[in-house]
Amino acid sequence: MCAAGGFFATMWFYWRSPMGTGAEEIVIEVRPGQSHRGFVEDLAQKNIIMSSMKFRLATRLFGNPTIKVGEYLIRRDMTPAQVSSLVS
C-alpha cells in the first residue's frame, strides 16, 4: 500500500510540474484519426517531453486521453496537465 501511495504521489508531482523551462512555443498538430499514443510520440519527437510512457500513464491516471483535431501552441514551461487540458 505504501509503494502504491509513493507511485501515485510521484505521478501527481510529474502531472503538475513544468515539462521544461522557457516559454518557447512549439506547434503540435493533432491529425484526424491520430491516437493519443501518436500525439504523445509527437511530443517526445519534438523534445517537449522526456518520457512518452510517463506522460501517457499520467494522462490515464489524472487527465483525459481523448484528443481533438487541431493545431496547438505548446510551451516547454507547461505542465502535462495543461497540455492534456489544451488538447482534450
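**Group meeting: how these helices pack**

Okay, let's start with a crossing: helices α2 and α3 cross in a right-handed way. Right-handed means the near helix is turned clockwise from the far one by less than a right angle, and left-handed means anticlockwise. The labels come from DSSP runs, numbered from the N terminus: helices are H or I with at least four residues, and strands are E with at least two.

A word on what you're looking at: this is a predicted model, where local features need pLDDT of at least 70 and side-chain atom pairs count only at pLDDT 80 or more, while totals for chains, interfaces and linings use all residues. Residues are numbered from 1 along each chain as its sequence is written, and side-chain values use heavy atoms, leaving out hydrogens and water.

Back to our pair. The axes of α2 and α3 come within 9 Å and cross at roughly 135 degrees. That makes the two helices oblique to each other. Axes here are lines fitted to C-alpha atoms, for helices over the stretch in contact, with angles from 0 to 180 degrees between N-to-C directions. Under 35 degrees is roughly parallel, over 145 roughly antiparallel, 65 to 115 roughly perpendicular, and the rest oblique.

Who touches whom? On the α2 side we have H36, R37, V40, E41, L43 and A44, and they meet S52, F55, R56 and T59 of α3. Contact means heavy atoms within 4.5 Å. By class, that's four nonpolar, three polar and three charged residues. Nonpolar covers Ala, Val, Leu, Ile, Met, Phe, Trp, Tyr, Cys and Pro; charged covers Asp, Glu, Lys and Arg; the others, Gly among them, are polar.

Is R56 buried or exposed? R56 is buried, with a relative accessible area of 15%. The cut-offs are under 20% for buried, over 50% for exposed, and partly exposed in between, using a 1.4 Å probe and protein chains only. Beyond its neighbours within four places in sequence, R56 contacts H36, R37, V40 and E41.

Now the other partner of α3. The axes of α1 and α3 come within 10 Å and cross at roughly 100 degrees, so α1 is roughly perpendicular to α3. Here F7, F8, M11, W12, Y14 and W15 of α1 meet K54, F55, L57, A58, T59, L61 and F62 of α3. This time the count is eleven nonpolar, one polar and one charged. K54 is partly exposed, at 34% relative accessibility, and M11 and Y14 are what K54 touches beyond four places in sequence.

On to the middle. The largest nonpolar core has 22 residues, and F39, L43 and I74 touch the most other members. Such a core is a set of buried Ala, Val, Leu, Ile, Met, Phe, Trp, Tyr and Cys residues joined through side-chain atoms within 4.5 Å. In soluble globular proteins, nonpolar side chains tend to be buried together. L43 touches I28, I48, I49, F55, I74 and V83, again skipping residues up to four places away.

Last, two loop residues. N47 sits between α2 and α3, is exposed at 58% relative accessibility, and has a positive phi of about 60 degrees without being a glycine. D77 is in the loop between β2 and α4. D77 and T21 are 56 residues apart in sequence, with C-alpha atoms 4.9 Å apart.
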